[in-house]
Amino acid sequence: MKKRYTKTLILLMIIISISTIVSASMLIPANEKAKENAKATDHSPVISSDDNNLVLTSPGLEKFVFIHYKKGFGKPTWAKQGKKRSKCYDFLGKGVKWKELSVNYVIDPDNPDGLTEDFVTSAISAGVEEWDTHTSTELFGTYSIDYNSSWDTDTPDGRNELLFGDYPQDEVIAVTVIWGYFSGPPSTREIIEFDVLFDTDFNWGDATNPETAEVMDLQNIATHEIGHGVGLADLYDTACIEETMYGYSNYRETKKRDLNAGDITGIQELYGV
Ligand SMILES: [Zn+2]
């Protein structure tokens, strides 16, 4: 009799503890889940929660920002202007790249130019595909559509988001933020997130369409920004003007849609031929 009572008690305790775990996991707020995701990549504390805000705590996590200017504007401090380059590709850090592949991404099609969801997703995914087809590594996975995405400049949220928005500085076409571990031993370096903002100061569209007025070509700029997303840096030497990773663009430009020789060598050095 006593034995049966003990058995029942143990069974009851197991049921209680299981239901506690289940309800606890259901009660984890969204920011805690983001924290869990961030930890899953690195296994060390990355983000702490301060009320409803996520706060960066790890000294290892870094951010790199690439600003893409209209031709004739902007003097990026990192531009190697005046210095002749022997090759037309350059890396973020000393060749930091994605280690957890393949990379999924989020497109927010909301825009003030009346571009359809189909147009925006086609232009961006064509840019993604252009990089993917030039390396044997399956770099990118699938995309999802989310009209409530965010351009994460304070803390990463584990989502690679591409969206339209107003960047406060004039003559900026697009800005890409890269999150990752760029210092320390090479084996520990990796990109963990990239977020792209297409500046609504400009009208966006398809520059190959003769009916369209003066526009920034979405596929052209997206291909360039995604190049940052996979680890390539801007080029400012005019000898590299034909490269997708050349640092300036202009209205109606479409040549960045197709990778040039330097871009291809760069992506293949990072991810394989
Ligand atoms: Zn750039």
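Predicted model: local features only at pLDDT ≥ 70, side-chain atom pairs only at ≥ 80, totals over all residues.
Residues are numbered from 1 along each chain as its sequence is written.

Of its 273 residues, 37% count as buried, a residue being buried if 20 or more other C-beta atoms lie within 10 Å of its own, exposed if 12 or fewer do, and partly exposed in between, with C-beta atoms placed from the backbone. Among contacts with a separation of 6 or more, 71% join residues 24 or more positions apart; two residues are in contact if their C-beta atoms, placed from the backbone, lie within 7 Å.

Seven strands form an open sheet in the order E5-E4-E6-E8-E7-E3-E11, and their pairing is mixed. Two strands are taken to pair if DSSP finds at least two bridges between them. Strands E5 (140-145) and E11 (248-249) are the edge strands, each pairing on one side only. Strand E6 (residues 161-165) pairs with strand E8 (residues 190-199) in the parallel sense, over four bridges. Leucine 162 has valine 196 of E8 as its bridge partner.

Two helices lie across the strands of this sheet. Helix H3 (residues 117-132) lies across strand E4 (103-107), E5 and E6, and runs at about 165 degrees to E5. Helix H4 (residues 218-229) lies across strand E3 (62-70), strand E7 (172-181), E8 and E11, at about 20 degrees to E7. Axes are lines fitted to C-alpha atoms, for helices over the stretch in contact, and angles run from 0 to 180 degrees between N-to-C directions.

The axes of H3 and H4 come within 8 Å and cross at roughly 45 degrees. H3 is therefore oblique to H4, since angles under 35 degrees count as roughly parallel, over 145 as roughly antiparallel, 65 to 115 as roughly perpendicular and the rest as oblique. Residues of H3 that make the contact include Val120, Ala123, Ile124 and Gly127, and those of H4 include Leu218, Ala222, Thr223 and Ile226.

In helix H5 (residues 261-271), the buried residues are Gly262, Asp263, Gly266, Ile267, Leu270 and Tyr271. Seen down the axis of H5, these residues fall within an arc of 140 degrees, so they line one face of the helix; the arc is that of the directions from the helix axis to the C-beta atoms. The buried residues of H5 pack against H3 and H4. Just after H5, glycine 272 takes a positive phi of about 105 degrees.

Glycine 231, in the loop between H4 and E11, counts as buried because it has 23 C-beta neighbours inside 10 Å. Beyond its neighbours within four places in sequence, glycine 231 is in contact with Phe91, Leu92, Val96, Lys97, Ile191 and Leu270. Glycine 231 and leucine 270 are 39 residues apart along the chain, with their C-alpha atoms separated by 8.0 Å. Glutamine 169 is found in the loop between E6 and E7 and counts as exposed, with 12 C-beta neighbours inside 10 Å. The C-alpha atoms of glutamine 169 and tyrosine 69 are separated by 9.9 Å, although these residues are 100 residues apart along the chain.
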